[in-house]
Amino acid sequence: MEQNQTALNGKLRDMEQVLTNFFTELKQLRETIDKKNENSQEAQLNRLQSSVADLGSNIGDANSRIGLLETRFDTIQAEQKQLNKTLDDLQKLFGRIQNSTAVSDIIGGDGVAKGMQKTIAELRDQLTGQLNNLAQNVTGELQVLKQKNLWLESDLSNQTKRIEQLFDNTVNISSHVLSVEAVWLEVRNNISGLEADRKIINEQLGALANVTTGLHGTIEKVQEECQQYHSKLDEVRGKLGELQDQIQQNAARKEVSLHRPGEANGTQQVSKEDGMPPVLSQFFNEQQTAASSSSSSTVSARIAPKPTAAPSSLSASTTTITTASSLAKLLYPGTLVQQLPQSTTPQPSAAAGQPASVAKAPAAGAPASGAANTASSSNSSSSKQAGGLFDSVITATAGNYKLRQIIQHQLDDIREAGTYKSERIITTPQATAIGVEGSTGKILNFCANNYLGLSANHDVINYGKKALDEYGAGLSSVRFICGTQDIHKQLENKLSQFHQREDTILYASCFDANAGIFEAVLTPEDAVFSDELNHASIIDGIRLCKAKKARYLHRNMADLEEKLRTTDARIKMIVTDGVFSMDGNVAPLADIFELADRYGAVTFVDDCHATGFFGKTGRGTEEFYGMLGRCDIINSTLGKALGGAAGGYTTGPRELIDLLRQKSRPYLFSNSLPPPVVASALKVIDMLMESSELTAKVQSNTRRFREAMTRAGFTISGMDHPISPVMLGDARLASTFADEMLKRGIYVIGFSYPVVPKGKARIRVQLSAAHSEEEIDRAVAAFIAVGKQLGVVS
């Protein structure tokens with residue numbers, strides 16, 4: 001038994017050594033695969049295949065040894081069974097001996113029987129003791145062997161599992177080897193293809209170089225011809241100046257020749273100057289012929305012996321202007337030539353028996369100051385309007401004419417579509433009641449972004465005036481050169497405190513803020529996800545960046561999640577308006593923040609239509625949802641609730657703001673905000689941080705208007721926001737409705753396609769904290785009256 005156990009232990013040690021060697025070889029194999037500086041991939045593949053073959057051989061040896069070990073284990077179990085059987089036989093024999101009563105009969109004789117009986121008793125005692133000892137020893141050894149067998153079975157099971165794992169690893173390695181071989185073959189094929197492509201490209205580059213050389217030669221020839229053309233053009237212009245003087249002199253000579261015998265109908269052809277193009281020579285001869293004909297007609301109608309100075313001046317001027325226009329058409333065919341004004345001198349009524357040309361002629365010897373001076377003045381005015389007679393004609397190029405035509409077609413299309421925007425001229429400060437050019441009396445204004453009514457607030461205006469005196473009208477510089485004053489930093493700090501953010505950067509407008517952030521922050525490794533109805537400034541800003549772009553359906557979180565899930569990017573930025581200005585509905589920020597957390601995204605909110613008046617204290621859309629401080633980046637404006645002047649800003653992490661100061665192009669290349677604008681916004685922020693009274697007032701006015709309009713039967717879009725669109729559907733109805741409202745003294749605007757979707761035309765009403773309850777009720781009454789007139793409500 002001990003020999004068998006020793007042999008079994010030896011087998012196990014051999015097996016462990018085999019496995020150790022196997023793992024060592026496997027480690028070496030992995031190190032071989034990971035080496036980067038091998039001579040070639042083919043050598044690596046050969047060594048890898050050889051190692052795999054050796055590994056298979058070692059695994060076969062291990063399997064053989066395991067088989068022998070299992071056979072030996074079966075032999076030990078058989079021997080153990082035989083020993084158990086022998087022990088059972090001995091125990092049975094001993095029982096028979098103990099129970100035997102015929103021993104004395106077999107032996108015979110009393111003495112002998114008694115001696116034998118004693119001897120047998122002693123022998124039985126000895127044998128019983130030995131058997132008991134042997135039984136105890138065998139039982140103990142048997143228990144030890146059973147325990148060892150259990151251990152061996154457990155070890156064998158573990159080793160079998162490890163071998164199975166090794167087989168699996170071997171299969172995986174073989175698969176990887178095949179994959180590497182396939183990749184290597186593919187690479188070799190690609191290299192061959194690339195080599196062929198390289199040869200083709202080189203040939204094409206050679207051909208291109210030849211073409212380029214030819215083009216260079218052509219360009220040089222064209223440049224030479226252009227230089228020659230410019231030289232000739234300069235010569236022509238010089239001759240034109242001389243010819244213009246000759247025209248004027250000829251006109252004067254012809255006027256004088258009218259009084260000489262035989263010259264009334266005479267003409268004098270312009271002599272051909274040396275080098276003058278034949279076309280120009282023919283042109284000037286035609287002009288002189290036409291001028292002579294005109295003069296002859298004039299003379300035949302004259303009665304007075306002497307003409308006044310006025311007709312002479314007028315004739316020269318008219319001839320010059322007509323000639324200049326004709327010259328322009330000749331030199332620049334197809335161009336838009338400015339029509340120069342003819343003499344605007346009013347001709348007096350002719351006296352009886354006198355022609356109009358000599359009516360009210362000055363007395364003999366009197367200076368020709370009347371009509372002559374007027375005509376001279378008119379000529380001077382015409383020359384000034386032309387901006388220099390000949391220069392104004394040359395400015396009208398063919399390109400300019402083509403540009404005007406293209407733009408005019410676009411304008412005609414806009415007018416035909418009914419989307420041409422005309423600007424009403426306001427003659428008063430921005431307020432709830434304004435003066436409009438062409439209208440009498442004040443008109444109630446319900447279409448401004450003046451949510452808090454502070455655009456004309458006296459405290460805000462006075463604070464701006466004070467800054468104008470102390471800091472000047474402007475900085476004449478961008479921020480990083482010499483355009484940052486202490487009030488700029490004060491406003492940025494106040495805005496950071498108001499929004500509870502780390503830092504803020506000012507821009508000339510929120511359009512600039514949106515145009516400057518995405519390009520500066522996002523790269524081609526990043527992705528931006530934008531609501532399809534985001535403001536135009538967001539859309540344009542995103543177009544400038546190189547990140548992957550995805551547009552999700554309006555306020556559709558399922559679509560947003562699908563795009564987040566299927567897009568791989570370094571930075572994922574979700575971009576949305578806080579409040580959408582055409583509908584007055586609010587972005588579902590709670591759901592957006594939850595998706596951002598799930599997919600590791602950054603959140604960006606444009607809060608222009610929320611900052612200062614939306615939420616309990618006017619902190620915007622975040623506060624409306626009770627999630628103040630949750631958004632990563634906020635862009636907003638100073639041009640709506642916060643004074644209404646101008647300016648925008650980005651507020652968020654300090655590192656982001658610092659990066660924008662270094663890279664954001666609208667910030668780096670735009671002038672600083674003017675000090676009066678900065679001061680006005682500072683005053684408004686101070687007012688909001690001291691009291692929420694104005695915020696509560698605009699919210700109260702909003703509820704009053706929405707509830708009254710809903711009771712009247714109108715459909716009001718949006719979510720309890722001061723932007724309260726009155727939905728009408730039809731575009732023409734919306735336009736007519738707005739016109740009828742203006743007749744009743746209510747200023748609102750109709751919106752239709754393409755500003756809003758087709759069939760979604762509406763009147764957008766915007767409430768202000770400055771509106772009184774009476775003004776709101778008056779607007780509601782006007783809506784009801786017009787609504788009944790146009791059949792919108794009953």
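Begin by selecting β10 together with strand β13 (residues 761-766), which run antiparallel and are joined by 6 bridges; strands here are DSSP runs of E with at least two residues, helices are runs of H or I with at least four residues, and both are numbered from the N terminus. Two strands count as paired if DSSP finds at least two bridges between them. The model is a predicted one, in which local features need pLDDT of at least 70 and side-chain atom pairs count only at pLDDT 80 or more, while totals for chains, interfaces and linings use all residues. Residues are numbered from 1 along each chain as its sequence is written, and side-chain values use heavy atoms, with hydrogens and water left out.

Next, pick out Gly-729, whose bridge partner in β13 is Ala-761.

In the loop between β12 and β13, stop at Pro-754, where the peptide bond from Tyr-753 is cis, with omega near 10 degrees.

Then turn to the largest nonpolar core, which has 29 residues, and highlight Leu-491, Leu-495, Leu-506, Phe-613, Leu-638 and Leu-642, the members that touch the most others. Such a core is a set of buried Ala, Val, Leu, Ile, Met, Phe, Trp, Tyr and Cys residues joined through side-chain atoms within 4.5 Å, and buried means under 20% relative accessible area, exposed over 50%, and partly exposed in between (1.4 Å probe, protein chains only). Domain 2 (433-450 + 694-790) and domain 3 (458-690) both give residues to this core, so it lies between them; the domain bounds come from an automatic or database domain assignment.

Finally, which of two cysteines, Cys-482 or Cys-631, is buried and which is exposed? Cys-631 is buried at a relative accessible area of 3%, whereas Cys-482, at 51%, counts as exposed.
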